[in-house]
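Hello,

Here is the structure we talked about. My notes on it come below.

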Amino acid sequence: MTTTAGLDPLQSPLLAAELPGLRTALDGEAILGHVQAALRPRHAIARSTPGQATYLGGAAVVRYRLESEGDPPSAALVTGRLFADRDACARYVEERLAPLAEAARGREELDLFATPVGVVEPLCMALQVFPVDGELPTLVEATDRRRMLGVLGQALPAAGGDGLVAEDCRVELGHYGRQHRCVLRYHVDTRAAGDGARQRLLVYGKVAGDGRGALALPVTGALRQLLAQDGRWEFGVPRCLGYLPDLQLALFEAIPGVPQVAQLLKARIQGGAGGGPGGGLTLEESVEACARIAATLHTSGIGLGRSRAFGDEAAALRSGFSLVRRVSPGLGERLDAWLDLAEERAGASGALAAGFAHGDFSYTQLIFDGRHSGLVDFDTVCQAEPALDLGQFLAYLAVAARKAKAPDGPGPGTSLAGRLGARFLDAYAEAAGAARAELPHRAAVYELVSLLRLAFHSWQKLKRSRLEHVVDVLDERVPELATRR
């Protein structure tokens, strides 16, 4: 178990001086009165529950779930953005939020509030009610039922809906990351033009602030064409129904399945058999399926996506660690030392040939339905060494095993993760036709990089418990990497 000293940025005097309102912002009871005064709800807010939080260096973001006392009660998602000074806060509201509030005027889902935008002056905090988002301005239109009904009606033929007329749609929030991305679910009520039969379709929408969704259509098209060829390992890939540049929105059909590797791993560590639900794939079979999916991607020859070399990954981490060193110097020094080791071992192991890669290949992107598997989320596709995806998968596997282990007990987590990792690399080498002896060294380097990225993001998102798990894994894995030749 690692020492927890210095892992929590909220203990930093520098952070307290830089953003003195942050502790109040993270207290659901303390913030409640401020939120009510700024947004002027038509019914009193019964509860404010702080959720996701991110420290950005000079600013921080906190998200709240608000529950009203109305009849019937209603809920809303509110994001607060704290600034180091009032002028910066005022500029953000005026330049980013005020135009969006005007565009959202009259929206039914905002009826609870007199205004969807407000300022908590004592905390230098700007408030915005979903779907208003200064970092994702197109969310206002992407969640507009009337606008999206027309858009989805035009997308139906791509979803196999020839002859279907879109009559209504309901927009539902799926996954709302802290910044720059949001997943929406569109429940579309349709009517057949011929016999009038009615059907409800589910379409996923992904809004990304940097336009990365533009690759969704060509990437999924190329993968689906590849998987249609004889002799390929079969797994599901959702059809992209279109990309709307003005909304920065990619639309996808729904495919069956849910992530299960972490759940099966937890069940095994805590004494279960690790068998798949309803006769589905076992833990070992699921891991091997993930390996074969990775091999299919890496041998596909698809030339889409930006280049991501090891040096790019290391430089991005080094930049992030400069923020950690300033606020949590002890942790920052450890992270820098571990990155020094990763760079040293990367130079000693030699790069593998770059090719098509997923870019965020973790068990959360791999879904299962019985004995069938699927792959989702193509926002991060790139041209990179295969070890980028392999190391990412191994890092997430190791952290999931550590998280599932009893807090003070030895448990089988570490050894099980090691055995599963070896099984993953064996299955990958066989499916990709790669030399098994070359993989562990390079995959271990990228596993360390992924663990360091996880550590930084956990620190930045004020997730102390997850950070402790990641640092525990680093403490276990780094000595092995340091002695590997």
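The notes cover a pocket, a residue and a helix.

This is a predicted model, in which local features need pLDDT of at least 70, side-chain atom pairs count only at pLDDT 80 or more, and totals for chains, interfaces and linings use all residues. Residues are numbered from 1 along each chain as its sequence is written, and side-chain values use heavy atoms, with hydrogens and water left out.

The second largest pocket holds about 780 Å³ of space. A pocket here is an open set of points on a 1 Å grid over the protein atoms alone, where a 1.4 Å probe fits, with protein on both sides within 12 Å along at least five of seven lines; lining residues have an atom within 4 Å of a point. Its lining has 24 residues, and R107, E108, E109, T143 and V171 lie nearest the centre. Two or more lining residues come from each of β3 (75–83), α6 (145–155) and β6 (164–176) (helices are DSSP runs of H or I, at least four residues, and strands runs of E, at least two, numbered from the N terminus). β6 gives the most, with 5 residues.

T190 sits in strand β7 (residues 181–192). T190 is buried, at 1% relative accessible area (buried means under 20%, with a 1.4 Å probe and protein chains only).

Helix α14 (residues 439–460) has 22 residues. Of these 22 residues, 19 are buried, so α14 is largely enclosed by the rest of the structure. After α14 comes L462, with a positive phi near 60 degrees.

Regards

Definitions and conventions:
Grid points are joined across faces, edges and corners, and a volume is the space filled by probe spheres set on the points. Buried means under 20% relative accessible area, exposed over 50%, partly exposed in between (1.4 Å probe, protein chains only). The expected span of a helix is 1.5 Å times one less than its number of residues.
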